[in-house]
Amino acid sequence: MASMHTTYTASGSFTLTDEKGVVVFSYNPSFTAETNTTAHALYGGEHLVQTGNSQLECGSDINVDRVYTFLKHVDTDYAITVLPDTGQNVEISHLKPGEFFFAPVDLNADTSGTSLRVTAATADQKLQYLICDALDN
């Protein structure tokens, strides 16, 4: 019997240079998520973040203990706030226009979450996202 195996890899690069062109900080994060961890390992797309709250729903088919998350604010107006969807107002990130967020996130810290809550303070904003499943920790 044949089997199929797929691996998702995402990486990025961030370099901070001073006015003379000298590199003062460089960071190259990456992660790999393998489809054998769950039935559905990848969510992605563009989301219109609304004032109030909207959700990046991951569903119940992922490992909510840990997901690798990439979010990029692609609009040019106002900030986007990222929170876990647990009912608590614990801010994960506050993205200004053009900024991004790339980190592992525990969606299920209090055993109630399967999504990220995103909100725009003043007007609806566009957000690109990629959420990959991770191995259970």
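**Entry 1: glycine 98.** I started in the loop between strand E9 (93-95) and E10, where I found glycine 98. Please keep in mind, as I did, that this is a predicted model.

Valine 74 is 24 residues away from glycine 98 in sequence, yet the two C-alpha atoms are 5.5 Å apart in space. Leaving out neighbours within four places in sequence, I listed Lys72, His73 and Asp75 as the contacts of glycine 98.

**Entry 2: the whole chain.** I then stepped back for an overview. How many helices and strands does the protein chain have? I noted 0 helices and 12 strands, so my row of elements from the N terminus reads β-β-β-β-β-β-β-β-β-β-β-β. The chain has 137 residues, and 36% of them count as buried.

I also looked at how far apart contacting residues are in sequence. Of the contacts with a separation of 6 or more, 71% are between residues 24 or more positions apart. The chain exposes about 8,000 Å², and carbon and sulfur atoms supply 49% of that area.

**Entry 3: the nonpolar core.** Which residues of the largest nonpolar core touch the most other members? The core holds 18 residues, and my answer is Leu56, Leu71, Leu116, Val118, Leu127 and Ile131. I traced where the core comes from: strands E5 (42-49), E7 (67-73), E8 (80-84), E10 (100-105), E11 (115-120) and E12 (125-133) each supply at least two of its residues.

Beyond four places in sequence, leucine 116 is in contact with Ser54, Gln55, Leu56, Thr69, Val82, Leu83, Pro84, Asp85, Ile92, Val105, Leu107 and Ile131.

Entry 4: Serine 54 sits in strand E6 (residues 54-57). Its relative accessibility is 8%, so serine 54 counts as buried.

What does the side chain of serine 54 reach at 3.5 Å? I found the backbone nitrogen of glutamine 50 there. A polar contact of 3.1 Å also joins the side chains of serine 54 and histidine 47. With neighbours up to four places away set aside, the contacts of serine 54 are His47, Leu48, Val49, Leu116, Arg117 and Val118.

I turned to the partner. Histidine 47 lies in strand E5, and at 18% relative accessibility histidine 47 is counted as buried because the limit is 20%. Its contacts beyond four places include Gln55, Leu56, Val118, Gln125 and Tyr129.

**Entry 5: a patch on the surface.** My last stop was outside. Which residues form a nonpolar patch on the surface? I wrote down Leu16, Val22, Val24, Phe25 and Tyr27, with about 470 Å² of accessible area together. Strand E3 (residues 23-27) gives the largest share of the patch, 3 residues. Leucine 16 belongs to strand E2 (residues 14-17), and with a relative accessible area of 42% leucine 16 is partly exposed.

How values were computed: Residues are numbered from 1 along each chain as its sequence is written. This is a predicted model: local features need pLDDT of at least 70, side-chain atom pairs count only at pLDDT 80 or more; totals for chains, interfaces and linings use all residues. Side-chain values use heavy atoms; hydrogens and water are left out. Patches are made of residues with over 30% relative accessible area and no salt bridge: like charges are joined within 9 Å, nonpolar side chains (Val, Leu, Ile, Met, Phe, Trp, Tyr) within 5 Å. Accessible areas come from the Shrake-Rupley method with a 1.4 Å probe; for residues, only the protein chains shown count as cover. A salt bridge is a side-chain nitrogen of Lys or Arg within 4 Å of a carboxyl oxygen of Asp or Glu. Helices (H or I, at least four residues) and strands (E, at least two) are DSSP runs, numbered from the N terminus. Buried means under 20% relative accessible area, exposed over 50%, partly exposed in between (1.4 Å probe, protein chains only). A polar contact is a pair of N or O atoms within 3.5 Å; within protein, one must be able to donate a hydrogen and the other to accept it, and residues adjacent in sequence count only if both atoms are side-chain atoms. Contact means heavy atoms within 4.5 Å. A nonpolar core is a set of buried Ala, Val, Leu, Ile, Met, Phe, Trp, Tyr and Cys residues joined through side-chain atoms within 4.5 Å.
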